[in-house]
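Please look over the model below with the following notes beside it.

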Amino acid sequence: MRTETDSLGERQIPDEAYWGIHTARAVDNFPISKRQISVYPELVVALASVKQAAARANLELGVLAPDKAALIDAACAEVIGGRLHDQFIVGVIQGGAGTSTNMNANEVIANRALELGGHAKGEYAFLSPLDDVNRSQSTNDVYPTAIKIAMMYSLSSMLGEMRMLRDAFAAKGVEFAHILKIGRTQLQDAVPLTLGQEFHGWATTMSEDIDRITDTLPLLSEINLGATAIGTGINADPRYAAAVRRHLSEITELELTTAGDLIEATSDTGVFMTFSSALKRAAVKLSKICNDLRLLSSGPQAGFGEISLPPKQAGSSIMPGKVNPVIPEAVNQVAFSVVGADTTVTMAVEAGQLQLNAFEPVIAHSLLQSITWMRQAFLTLRVNCVEGIVANEQRLAGMVGSSVSVVTALTPFIGYQASAALAKTALLTGRSIADLVVESGLMTREQVTLELSPERLSGAPAGD
(Lines give C-alpha, C1' and ligand atoms only; values in the text may rest on other atoms or scores of the structure.)
Protein backbone atom coordinates (compact mmCIF):
# COMPACT_ATOMS: atom_id res chain seq x y z
CA MET A 1 0.00 0.00 0.00
CA ARG A 2 1.01 3.63 -0.44
CA THR A 3 -0.20 6.64 1.52
CA GLU A 4 -1.78 9.57 -0.28
CA THR A 5 -3.00 12.82 1.22
CA ASP A 6 -5.66 15.36 0.31
CA SER A 7 -7.36 18.21 2.17
CA LEU A 8 -9.48 15.71 4.11
CA GLY A 9 -6.62 13.59 5.36
CA GLU A 10 -4.77 10.41 4.40
CA ARG A 11 -5.83 7.22 2.61
CA GLN A 12 -4.09 3.94 1.94
CA ILE A 13 -4.04 3.16 -1.79
CA PRO A 14 -3.02 -0.23 -3.27
CA ASP A 15 0.46 -0.03 -4.78
CA GLU A 16 -0.74 -1.49 -8.06
CA ALA A 17 -3.52 1.07 -8.49
CA TYR A 18 -3.02 3.90 -10.96
CA TRP A 19 -5.89 5.81 -9.38
CA GLY A 20 -5.37 7.72 -6.15
CA ILE A 21 -7.01 9.23 -3.11
CA HIS A 22 -9.64 11.34 -4.89
CA THR A 23 -10.81 8.31 -6.86
CA ALA A 24 -10.89 6.18 -3.71
CA ARG A 25 -13.12 8.68 -1.95
CA ALA A 26 -15.47 8.81 -4.93
CA VAL A 27 -15.76 5.02 -5.01
CA ASP A 28 -16.77 5.10 -1.33
CA ASN A 29 -19.17 8.00 -1.78
CA PHE A 30 -21.04 6.80 -4.87
CA PRO A 31 -21.71 3.04 -4.67
CA ILE A 32 -24.88 3.63 -6.66
CA SER A 33 -24.89 2.46 -10.26
CA LYS A 34 -22.44 -0.45 -9.88
CA ARG A 35 -21.20 0.64 -13.30
CA GLN A 36 -17.79 2.21 -13.70
CA ILE A 37 -17.16 4.98 -16.23
CA SER A 38 -14.96 2.51 -18.13
CA VAL A 39 -18.18 0.90 -19.34
CA TYR A 40 -18.05 3.72 -21.89
CA PRO A 41 -14.58 3.36 -23.46
CA GLU A 42 -15.27 6.33 -25.71
CA LEU A 43 -15.54 8.55 -22.62
CA VAL A 44 -12.21 7.29 -21.26
CA VAL A 45 -10.55 7.94 -24.63
CA ALA A 46 -12.16 11.39 -24.78
CA LEU A 47 -10.87 12.28 -21.31
CA ALA A 48 -7.34 11.21 -22.23
CA SER A 49 -7.60 13.18 -25.47
CA VAL A 50 -8.53 16.33 -23.56
CA LYS A 51 -5.62 15.83 -21.13
CA GLN A 52 -3.22 15.23 -24.00
CA ALA A 53 -4.40 18.37 -25.80
CA ALA A 54 -4.02 20.36 -22.57
CA ALA A 55 -0.46 19.12 -22.05
CA ARG A 56 0.47 20.10 -25.59
CA ALA A 57 -1.16 23.53 -25.29
CA ASN A 58 0.50 24.16 -21.93
CA LEU A 59 3.87 23.16 -23.36
CA GLU A 60 3.34 25.46 -26.33
CA LEU A 61 2.49 28.37 -24.03
CA GLY A 62 5.44 27.70 -21.72
CA VAL A 63 3.41 26.93 -18.60
CA LEU A 64 4.35 23.24 -18.37
CA ALA A 65 7.90 21.92 -18.32
CA PRO A 66 8.85 19.96 -21.45
CA ASP A 67 9.76 16.77 -19.55
CA LYS A 68 6.42 16.74 -17.72
CA ALA A 69 4.48 17.51 -20.87
CA ALA A 70 6.19 14.65 -22.69
CA LEU A 71 5.40 12.15 -19.94
CA ILE A 72 1.76 13.25 -19.70
CA ASP A 73 1.47 13.11 -23.48
CA ALA A 74 2.86 9.56 -23.56
CA ALA A 75 0.57 8.37 -20.76
CA CYS A 76 -2.45 9.86 -22.51
CA ALA A 77 -1.46 8.15 -25.75
CA GLU A 78 -1.50 4.79 -23.97
CA VAL A 79 -4.99 5.39 -22.58
CA ILE A 80 -6.21 6.53 -26.00
CA GLY A 81 -4.75 3.30 -27.36
CA GLY A 82 -6.81 1.22 -24.93
CA ARG A 83 -4.49 0.73 -21.95
CA LEU A 84 -5.45 1.24 -18.29
CA HIS A 85 -9.19 1.56 -18.95
CA ASP A 86 -9.78 -0.77 -16.00
CA GLN A 87 -8.34 1.95 -13.76
CA PHE A 88 -11.23 4.31 -14.48
CA ILE A 89 -13.34 3.00 -11.64
CA VAL A 90 -15.59 5.81 -10.39
CA GLY A 91 -19.30 5.21 -10.84
CA VAL A 92 -21.20 6.74 -13.72
CA ILE A 93 -23.63 8.35 -11.25
CA GLN A 94 -21.81 10.77 -8.95
CA GLY A 95 -22.21 14.12 -7.30
CA GLY A 96 -19.87 17.00 -8.02
CA ALA A 97 -20.64 17.76 -11.67
CA GLY A 98 -18.11 15.18 -12.87
CA THR A 99 -15.26 16.15 -10.55
CA SER A 100 -14.71 12.52 -9.54
CA THR A 101 -14.36 11.48 -13.17
CA ASN A 102 -11.88 14.27 -13.85
CA MET A 103 -9.89 13.38 -10.72
CA ASN A 104 -9.83 9.72 -11.76
CA ALA A 105 -8.41 10.70 -15.16
CA ASN A 106 -5.85 13.05 -13.59
CA GLU A 107 -4.60 10.38 -11.21
CA VAL A 108 -4.37 7.53 -13.69
CA ILE A 109 -2.52 9.68 -16.21
CA ALA A 110 -0.22 11.16 -13.56
CA ASN A 111 0.73 7.79 -12.09
CA ARG A 112 1.39 6.23 -15.47
CA ALA A 113 3.45 9.30 -16.41
CA LEU A 114 5.44 8.88 -13.18
CA GLU A 115 6.13 5.26 -14.08
CA LEU A 116 7.29 6.25 -17.54
CA GLY A 117 9.64 8.79 -15.90
CA GLY A 118 11.14 6.18 -13.60
CA HIS A 119 9.23 7.18 -10.46
CA ALA A 120 6.87 5.24 -8.21
CA LYS A 121 3.15 5.77 -8.29
CA GLY A 122 2.10 8.45 -5.85
CA GLU A 123 5.35 10.43 -6.02
CA TYR A 124 3.44 13.56 -6.92
CA ALA A 125 6.30 15.88 -5.99
CA PHE A 126 7.77 14.97 -9.37
CA LEU A 127 4.52 15.17 -11.37
CA SER A 128 1.14 16.15 -9.88
CA PRO A 129 -2.34 15.06 -10.98
CA LEU A 130 -3.67 18.53 -10.18
CA ASP A 131 -0.82 20.96 -10.77
CA ASP A 132 0.45 19.30 -13.94
CA VAL A 133 -2.10 16.94 -15.56
CA ASN A 134 -4.95 19.32 -14.72
CA ARG A 135 -3.03 22.54 -15.44
CA SER A 136 -5.14 25.30 -17.07
CA GLN A 137 -8.25 23.16 -16.59
CA SER A 138 -11.33 22.68 -14.47
CA THR A 139 -13.76 19.81 -14.32
CA ASN A 140 -16.30 22.30 -15.62
CA ASP A 141 -14.65 22.57 -19.01
CA VAL A 142 -12.89 19.18 -19.20
CA TYR A 143 -15.92 17.05 -18.41
CA PRO A 144 -18.53 18.51 -20.80
CA THR A 145 -15.93 18.63 -23.57
CA ALA A 146 -15.10 14.97 -23.00
CA ILE A 147 -18.80 14.05 -22.98
CA LYS A 148 -19.32 15.69 -26.35
CA ILE A 149 -16.29 14.00 -27.88
CA ALA A 150 -17.38 10.63 -26.48
CA MET A 151 -20.83 11.13 -27.93
CA MET A 152 -19.41 11.99 -31.36
CA TYR A 153 -17.18 8.90 -31.25
CA SER A 154 -20.14 6.72 -30.22
CA LEU A 155 -22.41 8.28 -32.79
CA SER A 156 -20.09 7.37 -35.60
CA SER A 157 -20.55 3.65 -35.01
CA MET A 158 -24.24 4.02 -34.12
CA LEU A 159 -25.01 5.88 -37.34
CA GLY A 160 -23.09 3.24 -39.26
CA GLU A 161 -25.35 0.50 -37.86
CA MET A 162 -28.40 2.67 -38.43
CA ARG A 163 -27.52 3.12 -42.09
CA MET A 164 -27.00 -0.63 -42.54
CA LEU A 165 -30.42 -1.33 -41.02
CA ARG A 166 -31.93 1.30 -43.29
CA ASP A 167 -30.29 -0.41 -46.27
CA ALA A 168 -31.60 -3.81 -45.15
CA PHE A 169 -35.16 -2.47 -45.14
CA ALA A 170 -34.57 -0.92 -48.57
CA ALA A 171 -33.24 -4.24 -49.91
CA LYS A 172 -36.38 -6.02 -48.70
CA GLY A 173 -38.37 -3.27 -50.39
CA VAL A 174 -36.82 -4.28 -53.69
CA GLU A 175 -37.21 -8.01 -52.99
CA PHE A 176 -40.89 -7.64 -52.14
CA ALA A 177 -41.76 -5.03 -54.78
CA HIS A 178 -43.96 -7.42 -56.77
CA ILE A 179 -46.05 -8.67 -53.83
CA LEU A 180 -49.46 -7.02 -53.46
CA LYS A 181 -51.06 -6.88 -50.02
CA ILE A 182 -53.88 -5.18 -48.20
CA GLY A 183 -53.01 -2.02 -46.31
CA ARG A 184 -54.60 -1.25 -42.97
CA THR A 185 -55.65 1.92 -41.21
CA GLN A 186 -56.82 1.79 -37.59
CA LEU A 187 -56.31 -1.99 -37.86
CA GLN A 188 -59.10 -2.18 -40.43
CA ASP A 189 -58.70 -3.21 -44.06
CA ALA A 190 -57.71 -0.35 -46.33
CA VAL A 191 -56.57 -0.10 -49.95
CA PRO A 192 -53.77 -2.27 -51.35
CA LEU A 193 -50.07 -1.51 -51.57
CA THR A 194 -47.07 -3.72 -52.16
CA LEU A 195 -45.13 -5.33 -49.38
CA GLY A 196 -42.11 -3.70 -50.95
CA GLN A 197 -43.65 -0.26 -50.54
CA GLU A 198 -44.21 -0.98 -46.86
CA PHE A 199 -40.56 -1.95 -46.30
CA HIS A 200 -39.35 0.95 -48.42
CA GLY A 201 -41.37 3.30 -46.22
CA TRP A 202 -39.51 2.03 -43.18
CA ALA A 203 -36.20 2.67 -44.93
CA THR A 204 -37.29 6.21 -45.72
CA THR A 205 -38.32 6.98 -42.16
CA MET A 206 -34.94 5.74 -40.94
CA SER A 207 -33.19 8.01 -43.44
CA GLU A 208 -35.08 10.96 -42.02
CA ASP A 209 -33.96 10.11 -38.49
CA ILE A 210 -30.36 9.68 -39.62
CA ASP A 211 -30.57 13.23 -40.99
CA ARG A 212 -32.09 14.62 -37.79
CA ILE A 213 -29.41 13.04 -35.59
CA THR A 214 -26.66 14.17 -37.96
CA ASP A 215 -28.02 17.72 -37.73
CA THR A 216 -26.98 17.80 -34.06
CA LEU A 217 -23.29 17.11 -34.73
CA PRO A 218 -22.34 20.78 -35.27
CA LEU A 219 -23.89 21.58 -31.88
CA LEU A 220 -21.90 18.82 -30.18
CA SER A 221 -18.67 20.05 -31.78
CA GLU A 222 -18.86 23.38 -29.92
CA ILE A 223 -16.78 23.05 -26.75
CA ASN A 224 -16.03 25.21 -23.71
CA LEU A 225 -12.47 24.02 -23.11
CA GLY A 226 -10.53 26.99 -21.78
CA ALA A 227 -13.48 28.25 -19.75
CA THR A 228 -12.00 26.67 -16.59
CA ALA A 229 -14.29 27.08 -13.57
CA ILE A 230 -17.20 29.22 -14.76
CA GLY A 231 -16.22 30.57 -18.16
CA THR A 232 -13.86 33.40 -17.21
CA GLY A 233 -10.73 31.38 -18.02
CA ILE A 234 -9.22 31.93 -14.59
CA ASN A 235 -5.82 30.19 -14.09
CA ALA A 236 -5.37 29.75 -17.84
CA ASP A 237 -3.29 31.76 -20.29
CA PRO A 238 -5.54 33.97 -22.48
CA ARG A 239 -4.18 32.09 -25.49
CA TYR A 240 -4.92 28.68 -23.99
CA ALA A 241 -8.50 28.19 -25.26
CA ALA A 242 -7.49 28.60 -28.90
CA ALA A 243 -4.38 26.47 -28.51
CA VAL A 244 -6.04 23.59 -26.69
CA ARG A 245 -8.93 23.54 -29.16
CA ARG A 246 -6.46 23.28 -32.06
CA HIS A 247 -4.55 20.44 -30.44
CA LEU A 248 -7.74 18.62 -29.48
CA SER A 249 -9.06 18.83 -33.03
CA GLU A 250 -5.80 17.30 -34.28
CA ILE A 251 -5.88 14.50 -31.71
CA THR A 252 -9.54 13.58 -32.20
CA GLU A 253 -9.73 14.36 -35.93
CA LEU A 254 -12.95 16.23 -35.18
CA GLU A 255 -13.82 19.73 -36.35
CA LEU A 256 -14.19 21.42 -32.97
CA THR A 257 -14.98 25.06 -32.30
CA THR A 258 -14.67 27.11 -29.12
CA ALA A 259 -17.95 28.59 -27.91
CA GLY A 260 -18.25 32.32 -28.42
CA ASP A 261 -19.53 32.89 -24.90
CA LEU A 262 -17.73 30.59 -22.48
CA ILE A 263 -19.81 31.63 -19.49
CA GLU A 264 -22.99 30.67 -21.34
CA ALA A 265 -21.43 27.48 -22.68
CA THR A 266 -20.34 26.38 -19.20
CA SER A 267 -23.77 26.76 -17.65
CA ASP A 268 -26.01 25.78 -20.60
CA THR A 269 -26.47 22.06 -21.34
CA GLY A 270 -29.29 22.52 -23.83
CA VAL A 271 -27.31 20.80 -26.59
CA PHE A 272 -27.68 17.51 -24.75
CA MET A 273 -31.44 17.94 -24.63
CA THR A 274 -31.53 18.71 -28.35
CA PHE A 275 -29.56 15.59 -29.16
CA SER A 276 -31.57 13.46 -26.74
CA SER A 277 -34.77 14.57 -28.43
CA ALA A 278 -33.47 13.53 -31.86
CA LEU A 279 -32.40 10.15 -30.48
CA LYS A 280 -35.76 9.65 -28.79
CA ARG A 281 -37.53 10.40 -32.08
CA ALA A 282 -35.49 7.72 -33.83
CA ALA A 283 -36.12 5.23 -31.02
CA VAL A 284 -39.86 5.81 -30.96
CA LYS A 285 -40.17 5.46 -34.72
CA LEU A 286 -38.05 2.31 -34.72
CA SER A 287 -40.27 0.91 -31.98
CA LYS A 288 -43.30 1.58 -34.18
CA ILE A 289 -41.63 -0.37 -36.99
CA CYS A 290 -41.03 -3.25 -34.57
CA ASN A 291 -44.69 -3.13 -33.57
CA ASP A 292 -45.58 -3.49 -37.26
CA LEU A 293 -43.19 -6.40 -37.71
CA ARG A 294 -44.74 -8.19 -34.74
CA LEU A 295 -48.26 -7.60 -36.07
CA LEU A 296 -47.48 -8.64 -39.64
CA SER A 297 -45.75 -11.82 -38.44
CA SER A 298 -48.38 -12.71 -35.85
CA GLY A 299 -49.83 -16.20 -35.99
CA PRO A 300 -48.74 -18.36 -37.58
CA GLN A 301 -52.33 -19.56 -37.96
CA ALA A 302 -54.59 -17.17 -36.09
CA GLY A 303 -52.76 -13.90 -36.76
CA PHE A 304 -51.89 -11.74 -39.75
CA GLY A 305 -49.26 -14.18 -40.95
CA GLU A 306 -48.18 -11.96 -43.83
CA ILE A 307 -44.45 -12.33 -43.18
CA SER A 308 -42.32 -14.77 -41.24
CA LEU A 309 -39.49 -13.56 -39.01
CA PRO A 310 -36.44 -15.79 -38.61
CA PRO A 311 -37.05 -18.23 -35.75
CA LYS A 312 -34.37 -17.53 -33.14
CA GLN A 313 -35.30 -19.48 -30.02
CA ALA A 314 -38.02 -21.55 -28.43
CA GLY A 315 -40.86 -19.28 -27.41
CA SER A 316 -42.42 -21.15 -24.54
CA SER A 317 -41.53 -23.50 -21.71
CA ILE A 318 -45.02 -25.03 -21.88
CA MET A 319 -46.25 -24.71 -25.50
CA PRO A 320 -44.16 -26.85 -27.86
CA GLY A 321 -43.31 -25.31 -31.20
CA LYS A 322 -44.15 -21.74 -30.20
CA VAL A 323 -41.74 -19.12 -31.57
CA ASN A 324 -41.94 -15.48 -30.47
CA PRO A 325 -40.78 -12.25 -32.18
CA VAL A 326 -38.02 -11.82 -29.60
CA ILE A 327 -35.78 -9.54 -31.63
CA PRO A 328 -38.39 -6.80 -32.24
CA GLU A 329 -39.47 -7.18 -28.62
CA ALA A 330 -35.93 -6.50 -27.42
CA VAL A 331 -35.68 -3.44 -29.66
CA ASN A 332 -39.00 -2.17 -28.31
CA GLN A 333 -37.54 -2.29 -24.82
CA VAL A 334 -34.45 -0.37 -25.91
CA ALA A 335 -36.77 2.33 -27.26
CA PHE A 336 -38.65 2.48 -23.96
CA SER A 337 -35.33 2.99 -22.16
CA VAL A 338 -34.30 5.77 -24.55
CA VAL A 339 -37.60 7.55 -23.95
CA GLY A 340 -37.02 7.35 -20.19
CA ALA A 341 -33.43 8.56 -20.61
CA ASP A 342 -34.70 11.56 -22.56
CA THR A 343 -36.91 12.51 -19.63
CA THR A 344 -33.91 12.17 -17.32
CA VAL A 345 -31.79 14.40 -19.56
CA THR A 346 -34.57 16.97 -19.77
CA MET A 347 -34.92 17.17 -15.99
CA ALA A 348 -31.15 17.32 -15.49
CA VAL A 349 -30.78 20.14 -18.01
CA GLU A 350 -33.55 22.09 -16.27
CA ALA A 351 -31.98 21.56 -12.85
CA GLY A 352 -28.80 23.49 -13.62
CA GLN A 353 -28.26 26.51 -11.41
CA LEU A 354 -26.40 29.75 -12.05
CA GLN A 355 -22.92 29.20 -13.59
CA LEU A 356 -22.90 25.38 -13.73
CA ASN A 357 -25.03 22.30 -14.22
CA ALA A 358 -24.13 19.81 -11.50
CA PHE A 359 -26.04 16.97 -13.14
CA GLU A 360 -23.92 16.31 -16.20
CA PRO A 361 -22.94 12.82 -14.93
CA VAL A 362 -26.50 11.52 -15.30
CA ILE A 363 -26.78 13.34 -18.64
CA ALA A 364 -23.60 11.64 -19.85
CA HIS A 365 -24.67 8.21 -18.60
CA SER A 366 -28.17 8.52 -20.04
CA LEU A 367 -27.00 9.58 -23.48
CA LEU A 368 -24.01 7.25 -23.79
CA GLN A 369 -26.13 4.30 -22.66
CA SER A 370 -28.86 5.22 -25.14
CA ILE A 371 -26.37 5.52 -28.00
CA THR A 372 -24.76 2.19 -27.06
CA TRP A 373 -28.07 0.36 -26.74
CA MET A 374 -29.44 1.86 -29.94
CA ARG A 375 -26.32 0.83 -31.84
CA GLN A 376 -26.71 -2.75 -30.66
CA ALA A 377 -30.46 -2.67 -31.32
CA PHE A 378 -29.88 -1.61 -34.93
CA LEU A 379 -27.35 -4.42 -35.29
CA THR A 380 -29.46 -7.23 -33.86
CA LEU A 381 -32.63 -6.14 -35.67
CA ARG A 382 -30.79 -6.19 -38.98
CA VAL A 383 -28.76 -9.39 -38.56
CA ASN A 384 -31.20 -11.47 -36.53
CA CYS A 385 -34.47 -10.30 -38.03
CA VAL A 386 -34.82 -8.07 -41.09
CA GLU A 387 -32.31 -9.77 -43.35
CA GLY A 388 -34.08 -13.11 -42.84
CA ILE A 389 -37.71 -11.99 -43.25
CA VAL A 390 -39.72 -14.09 -45.71
CA ALA A 391 -42.98 -13.02 -47.37
CA ASN A 392 -45.90 -15.42 -47.13
CA GLU A 393 -46.96 -14.77 -50.72
CA GLN A 394 -49.80 -17.27 -50.92
CA ARG A 395 -51.50 -15.84 -47.85
CA LEU A 396 -51.01 -12.28 -49.07
CA ALA A 397 -52.47 -13.09 -52.48
CA GLY A 398 -55.44 -14.79 -50.88
CA MET A 399 -56.21 -11.77 -48.72
CA VAL A 400 -55.99 -9.40 -51.69
CA GLY A 401 -58.18 -11.66 -53.79
CA SER A 402 -60.92 -11.82 -51.18
CA SER A 403 -60.72 -8.20 -50.00
CA VAL A 404 -63.67 -5.87 -50.56
CA SER A 405 -61.44 -2.85 -49.97
CA VAL A 406 -60.33 -2.92 -53.61
CA VAL A 407 -63.70 -1.43 -54.49
CA THR A 408 -62.16 1.92 -53.50
CA ALA A 409 -60.24 1.85 -56.79
CA LEU A 410 -63.55 1.68 -58.70
CA THR A 411 -65.36 4.55 -56.97
CA PRO A 412 -64.24 7.13 -59.58
CA PHE A 413 -66.15 5.05 -62.16
CA ILE A 414 -69.20 3.77 -60.27
CA GLY A 415 -69.54 6.26 -57.41
CA TYR A 416 -69.24 5.99 -53.63
CA GLN A 417 -72.81 4.83 -52.96
CA ALA A 418 -72.74 1.99 -55.49
CA SER A 419 -69.29 0.96 -54.24
CA ALA A 420 -70.54 0.81 -50.64
CA ALA A 421 -73.53 -1.31 -51.63
CA LEU A 422 -71.38 -3.73 -53.59
CA ALA A 423 -68.88 -3.97 -50.72
CA LYS A 424 -71.70 -4.91 -48.36
CA THR A 425 -72.96 -7.55 -50.76
CA ALA A 426 -69.47 -8.98 -51.19
CA LEU A 427 -69.05 -9.29 -47.43
CA LEU A 428 -72.42 -11.01 -47.04
CA THR A 429 -72.05 -13.42 -49.93
CA GLY A 430 -68.32 -13.98 -50.08
CA ARG A 431 -68.27 -13.15 -53.77
CA SER A 432 -65.56 -11.08 -55.42
CA ILE A 433 -65.96 -7.36 -56.04
CA ALA A 434 -64.83 -7.77 -59.64
CA ASP A 435 -67.62 -10.23 -60.44
CA LEU A 436 -70.29 -8.15 -58.74
CA VAL A 437 -69.28 -4.96 -60.58
CA VAL A 438 -69.33 -6.69 -63.96
CA GLU A 439 -72.68 -8.40 -63.24
CA SER A 440 -74.18 -5.05 -62.23
CA GLY A 441 -73.29 -3.66 -65.67
CA LEU A 442 -71.43 -0.73 -64.16
CA MET A 443 -68.12 -1.66 -65.79
CA THR A 444 -66.83 -4.19 -68.29
CA ARG A 445 -64.56 -7.07 -67.32
CA GLU A 446 -61.69 -5.44 -69.19
CA GLN A 447 -62.18 -2.15 -67.32
CA VAL A 448 -62.36 -3.88 -63.95
CA THR A 449 -59.28 -5.97 -64.67
CA LEU A 450 -57.31 -2.88 -65.67
CA GLU A 451 -58.33 -0.83 -62.64
CA LEU A 452 -57.71 -3.69 -60.22
CA SER A 453 -54.28 -4.51 -61.64
CA PRO A 454 -51.43 -4.52 -59.10
CA GLU A 455 -49.91 -1.45 -60.74
CA ARG A 456 -53.11 0.59 -60.43
CA LEU A 457 -53.93 -0.65 -56.94
CA SER A 458 -50.49 0.07 -55.47
CA GLY A 459 -49.48 3.05 -57.59
CA ALA A 460 -46.21 1.25 -58.30
CA PRO A 461 -44.86 1.42 -61.87
CA ALA A 462 -45.24 -1.78 -63.87
CA GLY A 463 -42.22 -4.06 -63.52
CA ASP A 464 -41.13 -2.64 -60.16
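1. The largest nonpolar core comprises 98 residues, and Met 158, Ile 213 and Leu 381 are those with the most contacts inside it. A nonpolar core is here a set of buried Ala, Val, Leu, Ile, Met, Phe, Trp, Tyr and Cys residues joined through side-chain atoms within 4.5 Å, where buried means under 20% relative accessible area, exposed means over 50%, and partly exposed lies in between (1.4 Å probe, protein chains only). Helix H6 (residues 139-175) gives the most to this core, namely 15 residues; helices (H or I, at least four residues) and strands (E, at least two) are DSSP runs numbered from the N terminus.

2. The model is predicted, so that local features need pLDDT of at least 70 and side-chain atom pairs count only at pLDDT 80 or more, whereas totals for chains, interfaces and linings use all residues. Residues are numbered from 1 along each chain as its sequence is written, and side-chain values use heavy atoms, with hydrogens and water left out.

3. Which residues does Leu 381 touch, once its neighbours within four places in sequence are left aside? Leu 381 is in contact (heavy atoms within 4.5 Å) with Leu 165, Leu 286, Cys 290, Leu 293, Ile 327, Pro 328, Val 331 and Val 386.

4. The whole structure holds 30 salt bridges, each defined as a side-chain nitrogen of Lys or Arg within 4 Å of a carboxyl oxygen of Asp or Glu. One of them joins Asp 6 and Arg 25, with 2.7 Å from N to O. Because Asp 6 belongs to strand S1 (residues 2-6) and Arg 25 to helix H1 (residues 21-29), the pair ties together parts 19 residues apart in sequence. Both Asp 6 and Arg 25 are buried.

5. Between Arg 112 and Glu 78 there is a salt bridge whose closest N and O atoms are 2.6 Å apart. Arg 112 lies in helix H4 (residues 99-116) and Glu 78 in helix H3 (residues 66-80), so this pair ties together parts that are 34 residues apart in sequence. Arg 112 counts as buried at 12% relative accessibility, and Glu 78 is buried as well, with a relative accessible area of 17%.

6. Lys 288 and Asp 292 also meet through their side chains in a salt bridge (2.5 Å, N to O). These two residues are 4 apart in helix H11, and are therefore separated by about one helical turn. Lys 288 counts as partly exposed at 45% relative accessibility, while Asp 292 counts as buried at 16%.

7. The largest pocket has a volume of about 380 Å³. On a 1 Å grid over the protein atoms alone, a pocket is an open set of points where a 1.4 Å probe fits, with protein on both sides within 12 Å along at least five of seven lines, and lining residues have an atom within 4 Å of a point; points are joined across faces, edges and corners, and the volume is the space filled by probe spheres set on them. Of its 17 lining residues, Ser 297, Gly 299, Pro 300, Val 323 and Asn 324 lie nearest the centre.

8. The second largest pocket has a volume of about 230 Å³. Among the 13 residues that line this pocket, Arg 184, Glu 198, Lys 288, Asp 292 and Leu 296 are the closest to its centre.
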